[in-house]
Amino acid sequence: MILALFSILAALLFAPFLFGVINRTKALFAGRTGQPLLQMYYDLYKLGNKGVVYSHTISWVFRVYPVLALAGMLLVLLLLPQGGHVALLAGPGDLFALAYILALVRFFNVIAALDTGSSFEGMGASREVQFSALAEIAFLLGLCTLACVTGSYSLSGIYTQLSYSAWLAHGAVFLLIAIAFFIVFLAENARIPVDDPNTHLELTMIHEVMILDSSGPDLAFLHYASALKFWILGSLLIGLLFPIHTGYGLIDVAFAWLGLLVLAVSVGIVESIMARLRLLRVPQLLVSASVFSFVALIFLLR
Amino acid sequence: MISLLVLLPLVLGLLTMASRHHRAHRGLLLLSALAHNALTLFFFFTPPSPALEGWLALDALGLLFLSITSFLFLMATVYAIGYLKREEQYPHQDFEEGFWFNSAPEAIFAGCLQIFLAAMSLVTISRHFGLLWVAMEATTLASAPLIYYHRHHRSLEATWKYLIICSVGIALALLGNFFLSAAVTTGHASHVPMLVDRLIQSHTQLDPRWLKLSFLFFLVGYGTKMGLAPLHTWLPDAHSESPSLVSALLSGALLNCAFLGILRAMQVCESAGLGDFCRELLLVFGLFSMLLAAVFIIGQTDYKRLLAYSSVEHMGILALGIGLGKGAVWGALYHAVNHSCTKAMLFLLAGNILAHYQTKLSKDITGLVRVLPITGVLWLAGFLAITGSPPFGTFISEFTILQSALHQEQYLVALLYLLFLGVIFIGMVFPFLHMAQGAADPKKHAANETWTAVLPPIALGLAGLTFGLVGPMALQQVLLQSVQILGGQ
Amino acid sequence: MNVWLSAFLILMVLSNLALLGSSRLGVCIRCVAFQGWLLAFLPFFVHTEGAVYRLLLIALGTLVLKGFVFPALLTRSMQEADVRREVEPFIGYSLSLLFGLVAWLGCHWIAARFPLPTEPGMVLLLSEALFTMYAGFFLIVSRKKALTQVIGYLVLENGIYIIGITLAQNEPLLVEMGILLDVFAAVFIMGITMFHINREFDHIDTDRLSTLKDWDS
């Protein structure tokens, strides 16, 4: 319980730090010094002090969305098991709750983007919906396979039972799910090869374009919510890849943070060595992620 | 001694490929054909002893198909000498579309012919299923360059189809081999090698379910090579585009060897008590082949494709004969002999017609009897033979099959058989008679028929006639022994 | 069931699915090469008894031929033909993948009905072999280029080879070598024919090889 609160607090504090790590990794690869590691905090502070500008065409949806995004991420944090301990609001079926709160946030993202009345955001919204529909299959199939392995429908139940002995027994299945989760992770967090977070070209934007009209504290909320989403999906992936249970809660949590750092660095490496895929190829990538999850599931069941 | 059947043509073939003079090619080709025939004749009277621990042996069934192959090859070789001489002028102009094309080097053609003979001989003498498979695949690979002799796009298309379809088919036959092996191991008889005799001996130890599976795959796999419908799709294209003597060999010898593969599998299944299962399948495939051939023969404008579909039909008759069993087995085996002789003769004649008239469409050819007298007369005789009319041998064999069908009270089968034969006769009557009769085209002068072009067809035609008038003669003993091997009467 | 066998099975499934779903010729050739490597190690997972030298020889032959020679031949054909390096399908990639997944389930169902010895992993290996054969057939039928037809033929042979290794344990060494040699000769001749096709037609599109037909429509 205390441990759960502690890790939620850590998430709230350290999530923006991960983005700094990613940017610093990319800079190092490019031979630059790069931004300060705490840059995102400065950005959030700067945005928080600015005023908001709303266009005439929007309705309540656009105003509500940033708050809803942040609220959704906080709610999911309550469901998230980290470092092998039970989450605060754990219960059977909470893996569906997680998936669908994230889906709710995504839904509002899309309709807020459409709400601005700009065709630019509409384009981003349509791409986003196509890719998330495919990514969701991979994600849910993977979670379903994990539920079959551990016999529990609760995320906390699943992740507390994963351990290195489970890996020895079902190594191939877990590897396939990990690959699928990594692809979904990249897709959901708008990372290369699915989407370029630094782009300014219409042809290549998906997530960037949907928040183009936000400003001030709204934008701060949205950036913070995306950092929290990174933390959440990353924890799910790290919990699968490095299920370290030493018995001391604090050490497990610390290892989970270390895992997240490693994940951030690897995302930075992936972003530095790959280019973004052609938009035609992204569905193929996501379908192959679904295929990996499906193969893992069938392999487990036969 | 028995391996000479394979080694001799192989070595001479490789020598042919390495030599440069045209005379050397044709001489070596003739030498292999004569030597192979001599060996076969020798083995006819003194059966050879098995070699390689029983992997190579010549039983009556193998001897039957070997003799057909050998005789046909000799006829084709004699024809080839004249054919290659004619083809010496480079390059040639295609008469259908008018472009100029090259032919393959004569060394490759003559060499591949001999390697083809070696591979077919290996099929007939091999007693080990694995070796049989290797030999069958080798025949595909050796005959592909033969089909691609005239180097243009149509023959390339035919060669590609032939390669892919036959390779896939033979891959399925390999699966049949593996299932046969599984039948042995599942039956706890792991020490039985895959030799036909040993498998028949240990028939009680073979798992019937695996045997059925393996026969099915053998039928489909080797049936592709044999030309059973619906796996025959490579046949018309390959036969219409390859040189006529190659078509003669393919139709007369290769299809029989593929049939031998199926027969070997059937021997094993028969001994394990699955004979009825196998015969049912063969019956169905046989009737379907005849049906498909009948459909495609009617209205066929290209006379070489017509002959190719006729091959499909006759392979159907062979399968039907074996499928009926009992007395029809003799009919089917005798039919193999007759059909090979007749079909080879017809293809060689088609080559003569093509060389003179320069067209593949039967409607453009008339007055064959006047322009090319020997060819014309033989063409008419061949038509009668291939449709099963007396006094030719095909009549006796087809009639025997019909007799057996009626005797076994398989009236539906007999009815369909007669129906298809009738439809095919009607389908073939128009092109053949149109081509043979009529006034000679005044633009085309009477051609001279070189002895190499007419002697082989005459010999083959005489053989067919003799088989019809007198009966199998020297082959009777071999035939009866083969029937016994296959469990007929 | 040991971990090597399950690794082999998963990698085979993934390579087959990659063949069905990929759009580039180079990727297809590399997948076939990868399958050749996997198959070279298969005899050591499956056979617990039998002469080691025989297994070694077969594994070596398979590795050399299927892992190196065939991909080299195919790559040379691809480069000589100088065609667009994209697989041109009749059936689209996602649909091929979907069919492949359904077929994979179907192969499991069929393999369960075979009268197999009750060794662990036999059913899985057989279903894997059937799926590989399906992938080979599918590639031959649903792709236009002649090169993919040869790749499909090789994949079909791979599937049959898996069945051979698991079921046909008393095939003598000579025959297995003969089989490998035959497949090599087949691929070699197909390569030569493809070269001729490209020279003749300036493409290797088998869909356009349709001059020979029975009824002029």
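Predicted model: local features only at pLDDT ≥ 70, side-chain atom pairs only at ≥ 80, totals over all residues.
Is K360(B) buried or exposed? Hold on to that one; point 1 picks it up.

1. In it, K360(B) counts as buried, because its relative accessible area is 7% and the cut-off for buried is under 20%. You'll find K360(B) in the loop that runs between α13 (327-357) and α14 (368-371) of chain B.

2. So what does K360(B) touch, once its neighbours within four places in sequence are left aside? The list has F95(B), E96(B), R154(B), S240(B), E241(B), T301(B), D302(B), Y303(B) and L354(B). Look at S240(B) in particular: its backbone oxygen is 3.1 Å from a polar atom of the K360(B) side chain.

3. Now zoom out to the chains. Two pairs of chains touch, and the pair with the most contacts is B and C. Chains A and B have no contact joining them, and their closest C-alpha atoms are 24 Å apart.

4. Take the B and C pair. Here 44 residues of chain C meet 49 residues of chain B. Together the two chains bury about 4100 Å², with 73% of that on carbon and sulfur atoms. There are zero salt bridges between chain C and chain B, and one residue pair is in polar contact, counting pairs with both residues at pLDDT 80 or more.

5. Which elements of chain C give two or more residues to the side that touches chain B? They are α5 (122-142), α6 (146-167) and α7 (173-201) of chain C. The largest share comes from α7(C), with 15 residues. Sorted by type, the residues on this side of chain C come out as 28 nonpolar, ten polar and six charged.

6. Next, chain C against chain A. This contact uses 15 residues from chain C and 13 residues from chain A. The two chains bury about 1300 Å² between them, and 86% of it is on carbon and sulfur atoms.

7. Then the inside. The largest nonpolar core has 338 residues, and the ones with the most contacts inside it are L98(A), L146(A), F215(B), L245(B) and W379(B). Helix α6 (residues 153-186) of chain B gives this core its largest share, 20 residues.

8. Not counting residues up to four places away in sequence, F215(B) touches I262(B), A265(B), M266(B), C269(B), F277(B), C278(B), L281(B) and L282(B). A second, separate core holds 15 residues, among them L283(B), M290(B), A414(B) and Y417(B).

Conventions
Residues numbered from 1 in each chain as written. Chains lettered and ligands numbered in written order. Heavy atoms only, no water. Contact = heavy atoms within 4.5 Å. Buried area = accessible area lost by both parts, 1.4 Å probe. Salt bridge = Lys/Arg side-chain N within 4 Å of Asp/Glu carboxyl O. Polar contact = N/O pair within 3.5 Å; in protein donor to acceptor, adjacent residues only side chain to side chain. Helix = DSSP H or I, 4+ residues; strand = E, 2+ residues; numbered from the N terminus. Nonpolar A, V, L, I, M, F, W, Y, C, P; charged D, E, K, R; others polar. Core = buried A, V, L, I, M, F, W, Y, C linked by side-chain atoms within 4.5 Å. Buried < 20%, exposed > 50% of the residue type's maximum accessible area, 1.4 Å probe, protein only.
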